Amino acid sequence: MVAFDDAFRRQLHELFVWRRDVRRFRTDPLPDGTLERLIEIACLSPSVGLSQPWRFVVVDDAARRRAVIEDFKSCNADALKSYSGERAAKYAALKLSGLAEAPGHLAVFAEKDATIGSGLGRATMPETVDYSVVAAICSMWLAARAEGIGLGWVSILDPLRIHDILDVPKSWKFIGYLCVGYPEAECDRPELEQAKWESRRGPGEFTIRR
Ligand SMILES: Cc1cc2c(cc1C)N(C[C@H](O)[C@H](O)[C@H](O)COP(=O)(O)O)c1[nH]c(=O)[nH]c(=O)c1N2
């Protein structure tokens, strides 16, 4: 039996508070085996029917990385066009990926045809496969932060293009592209809040059905 004490709970709370989506990385490399270790931790996450549908691709090839960066630039330019006036100026000033600087690039996919788990739990909600992969990414996000390693999720990408660039099986659905490395700075507030793009809200009022 493993028990957790108050000191651990306080530290865990601090971990939640200080986990950040990181876009500003130092370029120094991660120690050998870091990504592999973080992937192992991610694999301890819950998954529908124990399907473990997460598929990780460590992107080490310079040409593929360059192609991902080009795709980000193109998608980000398109996204900018959907804003106007002051909001557009604010969007243009945001840094929305650390792709160019992060020493680690990790693409994460969901295996849509996973036979593991024999379909348990996903007959009426096939999207639970995707949710399982997101749960794994969140575990990795926190585990990384606990070691002083930052993770930045990039979704301003064309999933089909990422598929092509990384040449992965058709049955894999793109879930997210992660930049991994040491952050330039630590902060207890989201960068989008610091940039006055959006503010964090509490849980608000709960809906209660009696
Ligand atoms: C599914 C998904 C997708 C993205 C993100 C997150 C998630 C969950 N976030 C990070 C997001 O902006 C960030 O989590 C919030 O602003 C809150 O900040 P903290 O994570 O608390 O630092 C993110 N950030 C960014 O700069 N570029 C991006 O493309 C994305 N995409």
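Helices (H or I, at least four residues) and strands (E, at least two) are taken here as DSSP runs, numbered from the N terminus. This is a predicted model, where local features need pLDDT of at least 70 and side-chain atom pairs count only at pLDDT 80 or more, while totals for chains, interfaces and linings use all residues. Residues are numbered from 1 along each chain as its sequence is written.

1. Let us start with a loop residue. Met125 sits in the loop between β2 (104–111) and α5 (128–146). Met125 counts as exposed because it has 10 C-beta neighbours inside 10 Å (exposed means 12 or fewer other C-beta atoms within 10 Å, buried 20 or more, partly exposed in between, with C-beta atoms placed from the backbone).

2. Next, a strand. Four of the five residues of β3 (residues 150–154) are buried, so this strand is largely enclosed by the rest of the structure. β3 pairs with β4 (residues 172–181) in the antiparallel sense over five bridges (pairing requires at least two DSSP bridges between the strands). In β4, Cys179 stands opposite Gly152.

3. Finally, a helix pair. The axes of α3 (residues 62–81) and α6 (residues 159–166) are 10 Å apart, and the helices pack at an angle of about 170 degrees (axes are lines fitted to C-alpha atoms over the stretch in contact, and angles run from 0 to 180 degrees between N-to-C directions). α3 and α6 are therefore roughly antiparallel to each other (the term applies to angles over 145 degrees).

How values were computed: Parallel < 35°, antiparallel > 145°, perpendicular 65-115°, else oblique.
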